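Hi,

Here is the structure I promised to send over. Have a look at it first, and then read on for my notes on what turned up.

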Amino acid sequence: MSFLFKALAGEKGQPQSATETIDKLVDRVLNSSLLEDRRSAVQGLRGLARDWRLDVGTKAMTALINVLATDRMDVEILKLALETLNILCTKQGKDDQDDLGIMFTEIYVKDPSNVTLLLDILAEVDFYVRFDTVQFLTTLLGNSSTHFQDAVLTSPMGISRLIDLLDDRREIIRNEGLLLLISLTKSNAEIQKIIAFENAFERLLSIILDEGATDGGIIVQDCLQLIQNLLHFNVSNQNLFRETSCIKQLGRLLVSKGGSLDHQSGAGDLPLTHERTEWTDQKIANVNAVLDLVRILVGSNNPNTSANQTALGASNIIVPLFQLGMAIHVPMRVRSQALLTVGDTIRGHAANQDTYAKTVITVVTRPEHAGLPSQKQPPGSPKSSLLVTVQTMLGREDFTICAAAAYTFQAYAYRNPDSQLALLSTLIPPPPDNPNAASSEAVVTPGSLLVQALLDLEESRKDSFKGWFASTALMHLLRDNHGAKEMAVSVKFEEGEEHISLLHKVMYTLLYAHREGAHLRVIVGLMSLLAMWLFDCPKAVKEFLGEGSNMQFLVEQVNQATGIDPLVQGLAAYLIGICYEFNDDSEPVFSRANVQSLVVSRIGVDVFQSRLDRLREAKAFGATHMHVVSREQAELLTSGSPPSSRAAGSDVVFDHMFVQFVKATYDGILRSITTVQPRDAASPLRTNGSTLGHGGMSGSRGQNASPNVDAAKHKAAIEALEKTVAGQSAEIHSLRDQVADLLRQLDEARTQAAQQATTMQAVIDEGAAKYTELEKEQEDLLVCLAEQDMELGELKRRLRGHGEVISDDDDEGDE
């Protein structure tokens, strides 16, 4: 910059300092009447801005803003001023809040009219002016988003000018404007609404289709990101998106163009599952962005979910999404997201659930992923969506695919009682005289696959997730469905001449898994299934208590001090509580009174509660997700190469729905079993049916039972109550002893405190006496000193009387 200093040299030709040069340049910008001089001065300021930011910014900011307002007709000076301001406001460090760029940004956006000035400049058609303006706006937004957004809202035409950037045929400006809009719409709901009502959805979808839909580049991903920003947590924008039929166009985005040049017409479009589809990294990102957009519309906490689900179902998007999730040549990142999207789209929506259930697709299964020995169907044969979902969930696919299939199955069963019953009816094996028994193609149903995976411990030992997924799937089939639970109790299996219920087979599998040291996930899955099954189902509780070893196993788990996982102990205690709460007293040995006596006398209320508390506070109990794995975990598991193994999901032990269920019923179960109350006392945990089961069922049995049976029941109840009273009496005596001991300790503490207070008071008194004595001595010394001063003054007076000369200095020195 030495040429600038020389050009602006002083009268004697000496080079000026940078500060003096900046002062002269600013003066020329403000006061020169010639446009060429002002342009040269702004160019000089731009040259000095990088090396002398503080001086240029503090002295030239006002002048540069004035150039933007007054010299709009000259493109060159406008471009130079924008570049200089952008240099001044650009941050040098990422997180440095004291950066000069932050300071100058705050100065600029403090006056909203300065931002409005930039938005007005966007009306200029010159490429460099628009480009530099967008870049400067992006810099301001990044440094001070809140103030910038407030300033934009005050500009009458500000949002419209920003939206018009999307229509600019120069791709660089359009893309920069798109990035600016993405940053602008991240958090401000008002700006989101205004942009949406400027036909932003239609413009963005048009750009996406022009760019080739998912075959397009990064611009497609950016457009989809902006649409997501406009829809996320914004109910009014979602209504607009749905009412303007934009949801119907989402299906047009999930295609491959297949070399077609006419992107808008859709001619030559191929499904994403077509073998000619080339899955580049950008295409994967674009497809996942579309899937994320759909999932935003049907999120679980979205008040618009039901209406959006209806619109998505009418757009016929469910079947292509499911086919995409089941296509083996599609990348795992896309498949898992597609299945999760299907689950969110059908969850709790009857019409969409029916559409999904009626879907029949052709799936080509890799031999190494089949994992089902009974499957003898040739590859490529048509199968129902439910059967394919269960096979995928229980197969040997990557963990994220199995987890996504599991969530899809759970979403189908959610608030779908008829389908729950229909699927449970497939648990019963086909009769021996089944006409297909001799066929080479054995009958395979979703229910039979679930039971096979649930009871096969050998397979669970190889892959603990197989049994766990089966347990959670059956648990969701029983959820909030009393009829389904009773139907499942009636399921019997023939083993020789005996008929064994499914409930007992599950319990036997649990006992065997515990004895053989099976994976914790398998044991937790089986116990969670039993808890959901027995809850609010007296018939299932009766069947469970009919085998005495079942309750004995649970009590042993709770009582065992070492060598057992706290999660198992907590679930065992929870199962005991359920067996008490929903017990209709049809099993005399394990009546409500006897079960409560077991907890109070044999286990102990404090131990029982501690087991439940440890379960609720366990890390694994809280680390659950509605979609089995979180979005972050899924992205991490599918981004690796080679593909991640099942070990990547080692943190998954509990089902999210079951955790919420236990949290909701924990207090009631604990309070009920640890409080002595009449047998027919109402409980908030019991439905009308189960309450009648306690009262009405017992009464009807009592009318038909013999007197001996009644006497035995009453005797057992009396003995149980006597044991309870004896235990409580012993506990009362123990508590009284503890109270007496605490009172004794309190008296000792009081005596000791009194002694310490007396000692401290004596020390304080002794110190006070010493202080008084010292104070008295000090007063005596002061009196003596005063008397000596008086005598000294008298002696000086006498000396002066005898003619001695005593100077004032001596007097001052004496003083």
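Glutamate 794 and arginine 797 sit three residues apart in helix H41, so about one helical turn separates them. Helices here are DSSP runs of H or I with at least four residues, numbered from the N terminus. The two side chains form a salt bridge, with the closest N and O atoms 2.0 Å apart; the term stands for a side-chain nitrogen of Lys or Arg within 4 Å of a carboxyl oxygen of Asp or Glu. Glutamate 794 counts as partly exposed at 29% relative accessibility (buried is under 20% relative accessible area, exposed over 50%, partly exposed in between, using a 1.4 Å probe and protein chains only).

Before going further, please note that this is a predicted model: local features need pLDDT of at least 70, side-chain atom pairs count only at pLDDT 80 or more, and totals for chains, interfaces and linings use all residues. Residues are numbered from 1 along each chain as its sequence is written, and side-chain values use heavy atoms, with hydrogens and water left out.

Back to the charged pairs. The count of salt bridges comes to 26. Glutamate 748 is partly exposed at 47%, and arginine 744 is partly exposed at 41%.

In helix H5 (residues 75–89), lysine 79 and glutamate 83 are also four residues apart. Their closest N and O atoms are 2.8 Å apart in a salt bridge, and both residues are buried. Arg46 joins Lys79 and Glu83 in a network of salt bridges.

Next, helix H15 (residues 235–243). Which of its residues are buried? They are Asn237, Gln238, Leu240 and Phe241. Seen down the axis, these buried residues fall within an arc of 160 degrees, so they line one face of H15 (the arc is that of the directions from the helix axis to the C-beta atoms). They pack against H12 (189–196), H13 (200–210), H14 (218–231), H16 (250–253), H17 (281–297) and H18 (305–314), where contact means heavy atoms within 4.5 Å.

The loop between H14 and H15 holds phenylalanine 233, which has a positive phi near 55 degrees and is exposed, with a relative accessible area of 77%. Just after H15, serine 245 takes a positive phi of about 65 degrees. Aspartate 585 has a positive phi near 65 degrees and lies in the loop between H34 (566–581) and H35 (592–603); at 10% relative accessibility, aspartate 585 is buried.

Residues meeting across the pair include Phe608 and Leu612 from H36, and Tyr666 and Leu670 from H39.

Lastly, serine 144 lies in the loop between H8 (127–143) and H9 (145–154) and is buried at 6% relative accessibility. Among the residues that serine 144 touches are Thr105, Glu106 and Val109, leaving aside residues up to four places away in sequence.

Happy browsing!

Definitions and conventions:
Helix = DSSP H or I, 4+ residues; strand = E, 2+ residues; numbered from the N terminus.
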